[in-house]
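Please read the points below with the model open.

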Amino acid sequence: MVKTMPKVDVVTVGVGWTGGIVAAECTKAGLKVVGLERGKSRGTVNFANVHDEYRYAIRYELMQDLSKETVTFRNNRRQKALPMRQLGSFLLGEGLGGAGTHWNGQVFRFLPYDFEIKTMTDKKYGKNFLGPGYQFQDWGLNYDQMEPYFDKFEKTSGVSGEENPLGPKRSDKYPNKPMKKTPLLQKFEKASQKLGYHPYMMPSANLSAPYKNIYGETINACQYCGFCERFGCEYGAKATPEVAVIPAALKTGKYEIRFDSNVVEVLTKGGKATGVRYIDTVTGEEYIQPADVVVLTSYMMNNAKLLMVSKIGTMYDPATGRGTLGRNYCYQIMPGATGFFDEQFNIFMGAGSLGECLDDFNGDNFDHSKLGFIHGANIALTQLGLRPIGNNPTHIDTPIWGAAFKKDSITNYTRSLSVGGQGASIPYKENFLTLDTRYKDVYGVPLLQINYDFTDQDKKLHKFISAKCGDILKEMGAKKVEVRADLTNYNIVPYQSTHNTGGTVMSKAPEDGVVNNYLQHWDCENLFAVGAGAFANNSGYNPTDTVGALSFRCAEGIIKYSKKGGSLV
C-alpha cells in the first residue's frame, strides 16, 4: 500500500550541487523543503581512509550500482541498444553530494559564445556553416544575465583562481588566490607564452586557503594529496555540496533529507505537478510526497528519464525532428598529446584542479572559416596526482602487457606529461536520449537509452586541438611527442568524461526546448528541471560552474513562483 506523506512547499529529486543550492536558497526564503536522495548519507568524516585507489577509483565505491539501474547505448538507430553493465565512459554518481562529492573541482565559466552560439556563428560564418544535421541554438539567456549567478556560485565554493586573459568580463575577482604554481606548471606556462598563447592558473574548488563562504560554512585549505577525482576529501578542502550548501539548509530547520529514496515518477493533475512517487530502496515500501513545487535535481540523465516515464513534455523524434525531450544530447571529446622526457617530475602529488591552461583555441577565439568546425577546447596541463594503478604511460608501439610493458611503464611514470583539451560537442540530430523499449531497472522502470556517435565536427576539432597540444609539449622540451589517434566511433567502455549534457534543454520558446530560462518546465509551471541537461550545447570546459549558476537562477525562479505562480517568462 502506498503511503502519502504530509505536503511540503518544495520537493527535490536528488541531493547534490543542484538540490543543495535549491534547498539552501529556498529554506532561507522560508519554504519547507524535502530532498529525496536514492543513496546514503556521507561527508568528510567518512573519508578518513579514502586513499584506497582500488576501492574508490577502480571499483567505484562512491558511484551508482549498475546492477540496479543503468542506461542502454547504441551508436545509431540501426544498432540494438545494450545495457552498460560496468561504469566506463562516464561515472554516474550516487549518495549525498552526488557527483559533486567526487569531482575534481575545476570551475570554469562558459563563454558568452556558448549562450548565443547560433546567433554568433551565423553572423560570422554564415548560416549552415556546418552543413545539415547540426541543430545548435541560443540558450534563452546570455552571459551578462548569467554573470551574477556565476559570481554567487564561485563565492559559495570559494574558488581559487586568477583572471583569464581571454575570458569574459567579471563583476568581481575570485574569492581566493590561485593554487601553487608547481615547476611543471611553470614549464607549461613558459612554453605556451613562447608560442604566443595566454596561459593562466585553472580556477579551482580545491582551495588555496581556508575560506568562509556566503552561507558562513568553512572550507579548508588543500593539502595537495592527489586524491580528488573519484574520491571524497578527508580534509574538507574541496568545495562539495555536503560541505558548502547542505549544512546551511539544514540549519534553517526547514530542510529534511530522506535517504534510500528512489523517485520513480513525477505525479501530475490538470497540467500541474502534484508531487512524486518514490520507493524506499531498503524496505521496498512506496511513498507519495505531495508538494507545491517539484524540482528535478538529479544527474541530467535521470532528470530526462523521469520526465519521459512520467509522460511530461513531447519526446524528440530524430526521424521527423519534432519534439524536444531528449534532444541535443551532447558529450565532449578529449584531444591531446603525451610527451616523453628525460627529466623526472613529481607527478604523484597534486590536486583535482591544479593546472595551467589557455583559451586561445576555445569558443570563437580563433578563426574557424577554413577549419570546417566551430567552437574548440580549453587546453590544459593538470597535475592531478597520478595514482600508480590507473596510470601506466607507455609508448604507442609498446605491448599492452608483459615485461616490455612493465619496463616502459616504470620508466615513464615520472618522465611523461600529457597536455589535453575538452572539446566542445555540438548537438546533432541523431544524438539523442529516449526510453529503452526492452530493458527495465530493478524498480520496473524503463532504462534511459543513449544514442550517440562522434560527428565530422568532433573529428576535425579533435585532430586540430591534438596537434596544438603536441606543439606545446615540443616547446616544453619533450624528447618524443605522441599525438592521440584520430577519432573513429564513440566507445562507451573506456573512461572519457562525465560531462554529459542536454536532453532537457533550455530555450527562448516552448517549441525549441523543455524548460525556460528559470529552468521552469514549459508545459508544467510548478515543475523545474535543473542541471547540465538544460545546456543547449556543450562547451570546452568542465560544466559545474554553469550548473551551479543555473541552480541559483532556478532557486530564484522557485521563490518567485511560490509567491505569484504562473509562467516566469
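The numbered points follow, after a short note on conventions.

This is a predicted model, in which local features need pLDDT of at least 70 and side-chain atom pairs count only at pLDDT 80 or more, while totals for chains, interfaces and linings use all residues. Residues are numbered from 1 along each chain as its sequence is written, and side-chain values use heavy atoms, with hydrogens and water left out.

1. Packing of α1 and α12. Two packed helices are described by the angle between their axes and the distance between the axes. Helix α1 (residues 17–28) packs on helix α12 (residues 544–564) at about 35 degrees, and the axes are 9 Å apart. Helices (H or I, at least four residues) and strands (E, at least two) are DSSP runs, numbered from the N terminus. Axes are lines fitted to C-alpha atoms, for helices over the stretch in contact, and angles run from 0 to 180 degrees between N-to-C directions. The crossing of α1 past α12 is right-handed; that is, the near helix is turned clockwise from the far one by less than a right angle.

2. Residues in that contact. Contact means heavy atoms within 4.5 Å. By class, the contact of α1 with α12 has 9 nonpolar, 4 polar and 1 charged residues. Here Ala, Val, Leu, Ile, Met, Phe, Trp, Tyr, Cys and Pro count as nonpolar, Asp, Glu, Lys and Arg as charged, and the others, Gly among them, as polar.

3. Geometry and burial of α12. The 21 residues of α12 should span 30 Å at 1.5 Å a residue, and the end C-alpha atoms are 30 Å apart, so the two agree. The expected span is 1.5 Å times one less than the number of residues. Of the 21 residues in α12, 16 are buried, so the helix is mostly covered. Buried means under 20% relative accessible area, exposed over 50%, and partly exposed in between (1.4 Å probe, protein chains only). Glycine 565 follows α12 and has a positive phi, near 70 degrees.

4. Helix α11. Just after α11, glycine 477 has a positive phi of about 100 degrees.

5. Cysteines. A disulfide is a covalent bond between the sulfur atoms of two cysteines. With a disulfide taken as a pair of cysteine sulfur atoms within 2.5 Å, the count is 0. The sulfur of cysteine 225 lies 5.9 Å from that of cysteine 228, the closest cysteine sulfur, which is too far for a bond. Cysteine 233 is in no disulfide either, its nearest cysteine sulfur being that of cysteine 225, 6.4 Å away. Cysteine 233 is buried, because its relative accessible area is 14%.

6. Most residues other than glycine have a negative phi, and most peptide bonds are trans. Aspartate 260 is not a glycine, yet its phi is positive, about 55 degrees. Aspartate 260 sits in the loop between β9 (255–258) and β10 (261–269) and is buried at 15% relative accessible area. Leucine 519 also has a positive phi, near 65 degrees. Leucine 519 belongs to the loop between β20 (480–483) and β21 (527–529), and is buried with a relative accessible area of 0%.

7. Glycine 14. This residue is in the loop between β2 (8–13) and α1. Is glycine 14 buried or exposed? Its relative accessibility is 11%, so glycine 14 counts as buried. Beyond four places in sequence, glycine 14 is in contact with Gly19, Leu36, Glu37, Thr297 and Ser298.

8. Two further loop residues. Asparagine 365, in the loop between β15 (355–358) and β16 (377–382), is partly exposed at 36% relative accessible area. Not counting residues up to four places away in sequence, asparagine 365 touches Leu166, Asp359 and Asp360. Glutamine 344, in the loop between β14 (336–340) and β15, counts as exposed at 52% relative accessibility. Glutamine 344 and serine 416 are 72 residues apart in sequence and 8.1 Å apart in space, C-alpha to C-alpha.
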